[in-house]
Amino acid sequence: MSVNRALFDEVMVPNYSPSAVIPVRGQGSRVWDQQDREFIDFAGGIAVNCLGHCHPALVDALKTQGEKLWHLSNVMTNEPALRLAKKLVDNTFAEKVYFANSGAESNEAALKLARRWAIDNFGEHKSQIIAFKQGFHGRTFFTVTVGGQPAYSDGFGPKPADVVHAEYNNLESVEALISDNTCAIVMEPLQGEGGIIEPISEFVQGVRALCDKHNALLVFDEVQTGVGRLGHLYAYMDLGVSPDILTTAKALGGGFPIGAMLTTTEIAKHLKIGTHGSTYGGNPLACAVAEAAFDTVNDASVLTGVTNKSARYFAALNAINEKYNVFSEVRGKGLLIGAVLNEKYQGRAKDFLVAAMEQGLMTLVAGANVIRFAPSLVIEDELIDEGMARFEKAVAAVTAG
């Protein structure tokens, strides 16, 4: 059988339009395609491959668990799930953990829990969810409705009700919407898909205060920002507030599908037996790999390294911009970085992504105007430099027309 890009069009649902490049192996922050062409990976599977490709600790965990136990129903628990949950509880605000398979499922669980908590405690009227424009929380119908990008949720019929959207970093817009009918405010502690938008400290503090005033839960979607991505184990740890519910996925498994919802004992008790579930949530294989990823990332040298590597990215991108004048700003935190195209290059983020691929570099976009970088947290400095040299060639090619 010939396995190539044309086969995708033949057998796959056309909701994606993947590159002609088909990677077949990876090591660290390098990837090779079917023709054995090498790429440097600044994309990280969209902030998933926190330790790059085929990290020895993750490979060992997968092999070891793969020879022990693959799957059980949730009629039983398992050792890897319990070990991972204990480590999540011991290292965060949380007291209870629910495992799922993805960020969307983790957010779905969080939203259902928030609604159930509010209805149990206050009544059916307390169901409003406030989220933010340009937010992103997954692709289930509930989460995509809560996400503040109508292009992703329009065209599928009536949407889940009682979901409204405020403006990120605008506390007055939240105050205008919140009431005692609000059950939760759902926010990313740095907007990813929305363009790599960092929150103002006073905004986050104000949202927490409004939740407390109106007996609403604060839900932090840390699917993209969690597990070291911003230089702390979770982003809330550097914001001076704690959420009531936190969701985590992507980097949690280092590339193996897993998600989790974290919360307190008092809130968790409202998901009683039978109210929610997942066939694969807490899968032993996934939890064993995630435990290895968590242990590796939750290390002072790794987290400090994120901050140092971030500075290297910012310096390189600003130097490129001084030569080519393509960005209005470079923003973000840790290793979630956005280079925002200036007015001359509006709408052309994908052109830069394609040009980078031609130079042997994998990048991302965050909308039509932002080039996004979300590499491995342990990428070597020399690979950052080499990747940025390739990116400069891509910028030069685009600007030359």
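**Entry 1: a term to settle before starting**

A crossing of two helices is called right-handed if the near helix is turned clockwise from the far one by less than a right angle, and left-handed if the turn is anticlockwise. I put this down before anything else, and I also note that what I am reading is a predicted model.

**Entry 2: helix 3 and helix 11**

With that term in hand I looked up helix 3 (residues 56-66) and helix 11 (residues 284-297), whose crossing is right-handed. Their axes come within 9 Å and cross at roughly 150°. Since angles over 145 degrees count as roughly antiparallel, helix 3 and helix 11 are therefore roughly antiparallel to each other. On the side of helix 3 I listed Ala57, Leu58, Ala61, Leu62, Gln65 and Gly66, and these meet Pro284, Leu285, Ala288, Val289, Ala292, Ala293 and Thr296 of helix 11. Sorted by class, this contact has ten nonpolar and three polar residues, with no charged ones.

**Entry 3: the chain as a whole**

I then stepped back to the whole protein chain, in which I find 14 helices and 15 strands. The radius of gyration is 21 Å, close to the 21 Å that the globule rule gives for 401 residues, so the chain is as compact as a globular protein of that length. Taken along the principal axes, the C-alpha atoms fill a box of roughly 60 × 55 × 45 Å.

Next I followed an open sheet of seven strands, which has mixed pairing and runs in the order 4-10-9-8-7-5-6. Strand 4 (96-100) and strand 6 (163-166) stand at its edges with a single partner strand each, so one side of each has no neighbour in the sheet. From one strand to the next the twist averages 20°. Within this sheet I checked strand 5 (residues 128-132) against strand 7 (residues 182-187), and they pair in the parallel sense over three bridges; here Ile129 stands opposite Ala184 in strand 7.

Strand 13 is joined to strand 3 (residues 38-41) in the parallel sense over two bridges, and Ile40 stands opposite Leu361 in strand 13.

Helix 12 (residues 300-324) packs with helix 14 at an angle of about 25°, their axes being 10 Å apart, which makes helix 12 roughly parallel to helix 14. The crossing of this pair is right-handed. Among the residues in contact are Tyr313, Leu317 and Ile320 of helix 12, and Met388, Phe391 and Val395 of helix 14. The contact divides into ten nonpolar, one polar and six charged residues.

The axes of helix 13 (residues 349-358) and helix 14 (residues 381-399) come within 8 Å and cross at roughly 125°, which makes helix 13 oblique to helix 14. This crossing, too, is right-handed. Asp351, Phe352, Ala355 and Ala356 in helix 13 meet Phe391, Ala394, Val395 and Val398 in helix 14, and I count these residues as seven nonpolar, no polar and one charged. I note that Phe391 and Val395 of helix 14 take part in the contact with helix 12 and in the contact with helix 13.

Key:
Residues are numbered from 1 along each chain as its sequence is written. This is a predicted model: local features need pLDDT of at least 70, side-chain atom pairs count only at pLDDT 80 or more; totals for chains, interfaces and linings use all residues. Side-chain values use heavy atoms; hydrogens and water are left out. Axes are lines fitted to C-alpha atoms, for helices over the stretch in contact, and angles run from 0 to 180 degrees between N-to-C directions. Helices (H or I, at least four residues) and strands (E, at least two) are DSSP runs, numbered from the N terminus. Angles under 35 degrees count as roughly parallel, over 145 as roughly antiparallel, 65 to 115 as roughly perpendicular and the rest as oblique. Contact means heavy atoms within 4.5 Å. Ala, Val, Leu, Ile, Met, Phe, Trp, Tyr, Cys and Pro count as nonpolar, Asp, Glu, Lys and Arg as charged, and the others, Gly among them, as polar. Two strands pair if DSSP finds at least two bridges between them. The radius of gyration is taken over C-alpha atoms; the globule rule is 2.2 Å times the number of residues to the power 0.38.
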